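Here are a few friendly notes to read alongside the coordinates. I have numbered the points so that you can go through them one by one.

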Amino acid sequence: MARAQRLQTGYNLTKKRIAIGGGLDTAQGGDNTCWTAIDQYGIIEQVSMKTLDTNKIVGITIDFMRKHSMRPE
């Protein structure tokens with residue numbers, strides 16, 4: 001814990017973190033689908049779940065992107 005506190009010194013993590021990028025692994029092999037939002041400090045949020053109905057991946061992805069103000073490129 002002390003090491004984590006030392007590493008945090010110099011980072012202002014009290015402000016809302018804004019995603020500068022993200023990724024999606026659709027897990028076509030049957031594993032969990034995974035969404036990740038990142039900023040300059042690292043991972044903001046990572047969501048992993050089974051998506052038995054792959055048609056739902058698009059909607060979940062759009063919601064995740066909106067939550068983190070990400071734009072498609």
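1. D39 has a relative accessible area of 7%, so it counts as buried. Please keep in mind throughout that this is a predicted model.

2. Which residue does D39 meet in a salt bridge? The partner is R17, and the N to O distance between the two side chains is 2.8 Å. This pair links distant parts of the chain, 22 residues apart: R17 sits in the loop between α1 (2-8) and β1, while D39 belongs to strand β2. R17 has a relative accessible area of 28%, so it is partly exposed.

3. The count of salt bridges comes to two. The other pair to look at is E45 with K67, where the closest N and O atoms are 3.0 Å apart. E45 is in strand β3 and K67 in helix α2, so this bridge ties together parts that are 22 residues apart in sequence. K67 counts as exposed because its relative accessibility is 51%, and the cut-off for that label is over 50%.

4. Stepping back to the overall layout, the protein chain holds two helices and three strands, in the order α-β-β-β-α along the sequence. Of its 73 residues, 22% count as buried. The chain exposes about 5900 Å², with carbon and sulfur atoms supplying 52% of that area. If you take the contacts between residues at least 6 apart in sequence, 30% of them join residues at least 24 apart.

5. Helix α2 deserves a check of its own.

6. Which residues of α2 are buried? They are I57, T61, F64 and M65. These residues cover an arc of only 95° around the axis, which puts them on the same side of α2. On the other side of the helix, K56, R66 and K67 are exposed. The cover over the buried residues of α2 includes β1 (21-25), β2 (33-39) and β3 (42-49).

7. One backbone detail is worth a look in your viewer. Just after α2, S69 takes a positive phi of about 55°, although this residue is not a glycine. With a relative accessibility of 53%, S69 counts as exposed.

How values were computed: Residues are numbered from 1 along each chain as its sequence is written. This is a predicted model: local features need pLDDT of at least 70, side-chain atom pairs count only at pLDDT 80 or more; totals for chains, interfaces and linings use all residues. Side-chain values use heavy atoms; hydrogens and water are left out. Helices (H or I, at least four residues) and strands (E, at least two) are DSSP runs, numbered from the N terminus. Buried means under 20% relative accessible area, exposed over 50%, partly exposed in between (1.4 Å probe, protein chains only). Contact means heavy atoms within 4.5 Å. Accessible areas come from the Shrake-Rupley method with a 1.4 Å probe; for residues, only the protein chains shown count as cover. The arc is that of the directions from the helix axis to the C-beta atoms. A salt bridge is a side-chain nitrogen of Lys or Arg within 4 Å of a carboxyl oxygen of Asp or Glu.
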